[in-house]
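Please look over the sequence and the model shown here. The paragraphs below go through the structure piece by piece.

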Amino acid sequence: MKGKAQDLRKSLKVIVNVFYPPTDELKRILEENEDIYFPMNGGHSLKDEWSSSHLVPDDTGDNISVMNGKLNELTSVYWAWKNYAKLGNPEYVGFNHYRRFFPRDQILDYCDIDLIIGSPVFSETKLSLAKQYSIYHNIGDLQMCVNIIREHDMEWGNSFKDYLLTETLNFAPCNMFIMRKRMFFEWCSFVFPIIFDLERRIDLTGRDNYQRRAICFLVERIFNFWCHRKLLTVNAIKEVNIEEHLEFKPKGLNERGDISENSVDIHCEERGQLP
């Protein structure tokens, strides 16, 4: 296994998306693991000396950096898709957040796996993903998402609706993954046309910082559905616990992503039914 892990280390790049000025500990991790991690600045908002010399901005090459206010981490995923050679053309590509990581010592053991995702959540709630979404977000956005997928492919859209209504369904969070290059290109080719339709149609006016991340929340559900539809075998998919580094959060940033101490923490009221 050691030899295989070494092969994966040479053929894997994991994007680490950084939005906020990194702490010294995060800097250390990124610098010590530069063989695997590819740190990016989503939205290219960080202009300090360290960030400018260590983070790749997402506004170079073919990019959608100007959409970062709506798409958040997805602008870095798009950059990696369209500028893949700049990653070193690895056989595997992954995505981590600035404070959420797949444990490095585990992922190097899975060189024969097609897809690594986060360990599922909501498995004990006995709620459908549609019900869960309606409690924490705007159900109208999910209705819009179903309709858009139907416009791209009616059968897939109807299947997506059925998937969302299935009770006790596990849910891998955070749009985090490690997958083979061919799968990554397939995933991006599938999801970004849907994302662009969502960006044009969903009105984010008046929402707090957390609910303005609606498209990312929707893509989490689409990603899980996409994995489900591919019917991957147990030999091709692996669920791995995600390490949460709360100490990497900037001071004053609450759990919902708002800097202001007075930001309103609101759940959208449950309303409506999926069409």
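Helix 5 and helix 10 are oblique to each other, because their axes cross at roughly 130°. Helix 5 covers residues 74-82 and helix 10 covers residues 181-201, and their axes come within 11 Å. An axis here is a line fitted to C-alpha atoms, for helices over the stretch in contact, and the angle runs from 0 to 180 degrees between N-to-C directions. Two packed helices are described in this way, by the angle between the axes and the distance between them. The coordinates belong to a predicted model, in which local features need pLDDT of at least 70 and side-chain atom pairs count only at pLDDT 80 or more, while totals for chains, interfaces and linings use all residues. Residues are numbered from 1 along each chain as its sequence is written, and side-chain values use heavy atoms, with hydrogens and water left out.

The crossing of helix 5 with helix 10 is left-handed. That term applies if the near helix is turned anticlockwise from the far one by less than a right angle; if the turn is clockwise, the crossing is right-handed. On the helix 5 side, L74, V77, Y78, A80 and W81 take part in the contact, and they meet F184, F185, C188, S189, F192, I195 and F196 of helix 10. Contact means heavy atoms within 4.5 Å. Sorted by class, the residues between helix 5 and helix 10 are 11 nonpolar and 1 polar, with no charged ones. In this sorting Ala, Val, Leu, Ile, Met, Phe, Trp, Tyr, Cys and Pro count as nonpolar, Asp, Glu, Lys and Arg as charged, and the others, Gly among them, as polar.

Helix 10 also packs with helix 8, at an angle of about 130° and with the axes 10 Å apart. Helix 8 and helix 10 are therefore oblique to each other. Which hand does the crossing of helix 8 with helix 10 have, left or right? Helix 8 passes helix 10 in a right-handed crossing. M144, C145, I148, I149, E151 and H152 of helix 8 make this contact with P193, I194, D197, L198 and R201 of helix 10. The residues of the contact between helix 8 and helix 10 comprise 7 nonpolar, 1 polar and 3 charged.

Helix 8, residues 139-152, also holds D141. Is D141 buried or exposed? D141 is buried, because its relative accessible area is 5%. Buried means under 20% relative accessible area, exposed over 50%, and partly exposed in between (1.4 Å probe, protein chains only). The side chain of D141 has a polar contact of 2.7 Å with the side chain of R207. A polar contact is a pair of N or O atoms within 3.5 Å; within protein, one must be able to donate a hydrogen and the other to accept it, and residues adjacent in sequence count only if both atoms are side-chain atoms. With neighbours within four places in sequence left aside, the contacts of D141 are Y133, I202, R207, A214 and L218.

Next come some loops. Most residues other than glycine have a negative phi. H44 has a phi near 45°, a positive value, and sits in the loop between strand 2 (37-41) and helix 3 (49-54). At 24% relative accessibility, H44 is partly exposed. N89 has a positive phi too, near 55°, and lies in the loop between helix 5 and strand 4 (92-97). N89 is partly exposed, at 46% relative accessibility.

S65 is in the loop between strand 3 (56-57) and helix 4 (68-71). With a relative accessible area of 10%, S65 is buried. Beyond four places in sequence, S65 touches G43, H44, D58, D59 and T75. G61 is found in the loop between strand 3 and helix 4 as well, and its contacts outside that sequence range are N83 and K86.

For the whole protein chain, the secondary structure comes to 11 helices and 9 strands. These are DSSP runs numbered from the N terminus: helices are H or I with at least four residues, and strands are E with at least two. Buried residues make up 53% of the 275 residues.

Terms used: Parallel < 35°, antiparallel > 145°, perpendicular 65-115°, else oblique.
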